[in-house]
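Trainee: Could you go through this structure with me? I'd like to ask things as they come up.

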2 protein chains.
Amino acid sequence: MTATLRSDAKRNLDRLLAAASECFAEHGVDASVDEIARRAGVGHGTVFRRFPTKEALLVAVMVERVRDLTRAAEEALEDPEPGPAFERFLRRAAEVYAQNRAIVEGFERCVETEEVGALKVAVGRLVRRAQHAGAVRRDVTAEDVMDLVPAVSRHPDVVLDGLRATR
Amino acid sequence: MTATLRSDAKRNLDRLLAAASECFAEHGVDASVDEIARRAGVGHGTVFRRFPTKEALLVAVMVERVRDLTRAAEEALEDPEPGPAFERFLRRAAEVYAQNRAIVEGFERCVETEEVGALKVAVGRLVRRAQHAGAVRRDVTAEDVMDLVPAVSRHPDVVLDGLRATR
DNA sequence: CGCTAAGCGGACTGACCAGTCCGCTTACTG
DNA sequence: CAGTAAGCGGACTGGTCAGTCCGCTTAGCG
């Protein structure tokens with residue numbers, strides 16, 4: 001996929017991705033390319049040599065965050081207790097959300113990537129397993145749960161209680 | 001406060017507010033002044049004759065929405081059943097939220113107005129009354145509840161269950 | 001009606017931003 | 001170490017936006 005880069009180019013690319021990740025997290029998807037380039041210590045022409053548009057850079061960064069979450073979900077699946085594992089994952093996702101102003105809009109830009117597909121699969125398993133164990137109400141899907149992440153980040157007790165199996 | 005306006009000016013102001021309300025609802029706070037003016041059928045110079053900045057126009061519009069909600073909360077307070085009245089108000093607020101892309105950011109711009117103060121008072125009463133009646137858990141405040149409106153709009157059953165008194 | 005101040009709208013400005021381009025620099029190859 | 005392609009950055013473009021200004025229009029008073 002990526003042809004071999006010259007060593008300086010590789011270093012700049014790494015810095016660029018790190019700077020973009022920070023800027024998007026701090027300022028949301030409206031963070032400007034200029035600011036990202038400045039923080040990375042490169043000219044902004046360099047940004048567009050690596051990514052055709054700002055959008056492509058955003059997606060590249062967000063896909064990384066999605067992978068982080070997928071990994072967290074898969075780890076939770078290895079926990080023998082379905083209910084607590086589910087809850088731990090949700091709290092983790094809420095933390096990520098709280099620390100990244102670009103998450104919601106960034107996600108929307110990624111919905112068609114295979115990475116988001118993988119996340120949905122992992123969360124789906126996590127949810128169904130918890131439902132099977134009687135820890136989570138039956139009428140919610142993985143998408144509902146991911147939808148509720150922002151609410152969990154601000155009011156975990158209320159939302160987690162609401163998600164528990166009724167009766 | 002407002003000096004008497006010439007009849008044409010009054011008509012334009014009314015149209016302007018209506019157009020702004022629609023545009024902000026549809027496109028969020030980033031709706032452009034040009035589009036608002038176009039929809040109102042006026043030149044955009046007219047916007048700035050009535051409001052010093054776009055921000056001021058936004059606040060004027062949002063304050064109206066806040067008043068609507070305050071009225072709804074006060075009506076709910078007249079319902080003899082605290083629990084259902086609280087729930088009905090929350091669903092109503094969620095509807096308003098769902099139909100207005102500017103609500104969240106618009107609210108932030110109004111937090112210091114007396115109108116938002118009045119809303120908080122009314123919702124506070126509604127919440128405490130429902131808590132007294134055992135219909136709502138004790139550990140939430142009016143602000144928590146208003147915070148949860150977006151979540152209610154998408155997942156009313158989960159969130160309302162979470163808000164009910166436990167045990 | 002005629003006078004005038006209130007009102008009007010659109011041309012204009014300056015700030016900002018994504019994306020392009022090109023002359024200079026530098027890491028690697030042989 | 002020399003040649004060169006890969007890489008670089010910043011000037012430039014075109015578009016959008018909020019906010020200003022001024023010559024024209026018109027509501028409404030006397």
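Trainee: What does the domain assignment of chain A give?

Mentor: Bearing in mind that this is a predicted model, the assignment divides chain A into domain 1, covering 8–52, and domain 2, covering 53–167. The C-alpha centres of domain 1 of chain A and domain 2 of chain A lie 27 Å apart.

Trainee: And how many residues of domain 1 of chain A are in contact with domain 2 of chain A?

Mentor: There are 13 residues of domain 1 of chain A in contact with 13 residues of domain 2 of chain A. On the domain 1 side, the largest share comes from helix 1 of chain A, which supplies 7 residues, and by class that side of domain 1 of chain A has 9 nonpolar, 3 polar and 1 charged residues.

Trainee: Going back to chain A as a whole, how many helices and strands does it have?

Mentor: Chain A has 10 helices and 0 strands, and its C-alpha trace spans about 60 × 30 × 25 Å along the principal axes. Of its 167 residues, 31% count as buried. If you take the contacts in chain A with a separation of 6 or more, residues 24 or more positions apart account for 68% of them.

Trainee: Changing topic, which residues are the closest to DNA strand D?

Mentor: The closest are A:Val42, A:Gly43, A:Gly45, B:Ser7 and B:Gly45, out of 22 residues that surround DNA strand D. The elements that give two or more residues to this surface are helix 1 (7–27) and helix 3 (44–50) of chain A, together with helix 1 (7–27), helix 2 (33–40) and helix 3 (44–50) of chain B.

Trainee: Which helix gives the most there?

Mentor: That is helix 3 of chain A, with 4 residues. By class, the surface near DNA strand D has 5 nonpolar, 10 polar and 7 charged residues.

Trainee: Now chain B: at what angle do the axes of helix 1 and helix 4 cross?

Mentor: The axes of helix 1 of chain B and helix 4 of chain B, residues 54–78, come within 10 Å and cross at roughly 90 degrees; these two helices of chain B are therefore roughly perpendicular to each other.

Trainee: Which residues make that contact?

Mentor: Helix 1 of chain B contributes B:Leu17, B:Ala20, B:Ser21 and B:Phe24, while helix 4 of chain B contributes B:Leu57, B:Leu58, B:Ala60 and B:Val61. By class, the residues of this contact divide into 7 nonpolar, 1 polar and no charged.

Notes
Residues are numbered from 1 along each chain as its sequence is written. Chains are lettered from A and ligands numbered from 1 in the order in which they are written. This is a predicted model: local features need pLDDT of at least 70, side-chain atom pairs count only at pLDDT 80 or more; totals for chains, interfaces and linings use all residues. A residue is near a molecule or strand if its C-beta atom, placed from the backbone, lies within 6 Å of it. Ala, Val, Leu, Ile, Met, Phe, Trp, Tyr, Cys and Pro count as nonpolar, Asp, Glu, Lys and Arg as charged, and the others, Gly among them, as polar. A residue is buried if 20 or more other C-beta atoms lie within 10 Å of its own, exposed if 12 or fewer, and partly exposed in between; C-beta atoms are placed from the backbone. Two residues are in contact if their C-beta atoms, placed from the backbone, lie within 7 Å. Axes are lines fitted to C-alpha atoms, for helices over the stretch in contact, and angles run from 0 to 180 degrees between N-to-C directions. Angles under 35 degrees count as roughly parallel, over 145 as roughly antiparallel, 65 to 115 as roughly perpendicular and the rest as oblique. Domain bounds come from an automatic or database domain assignment.
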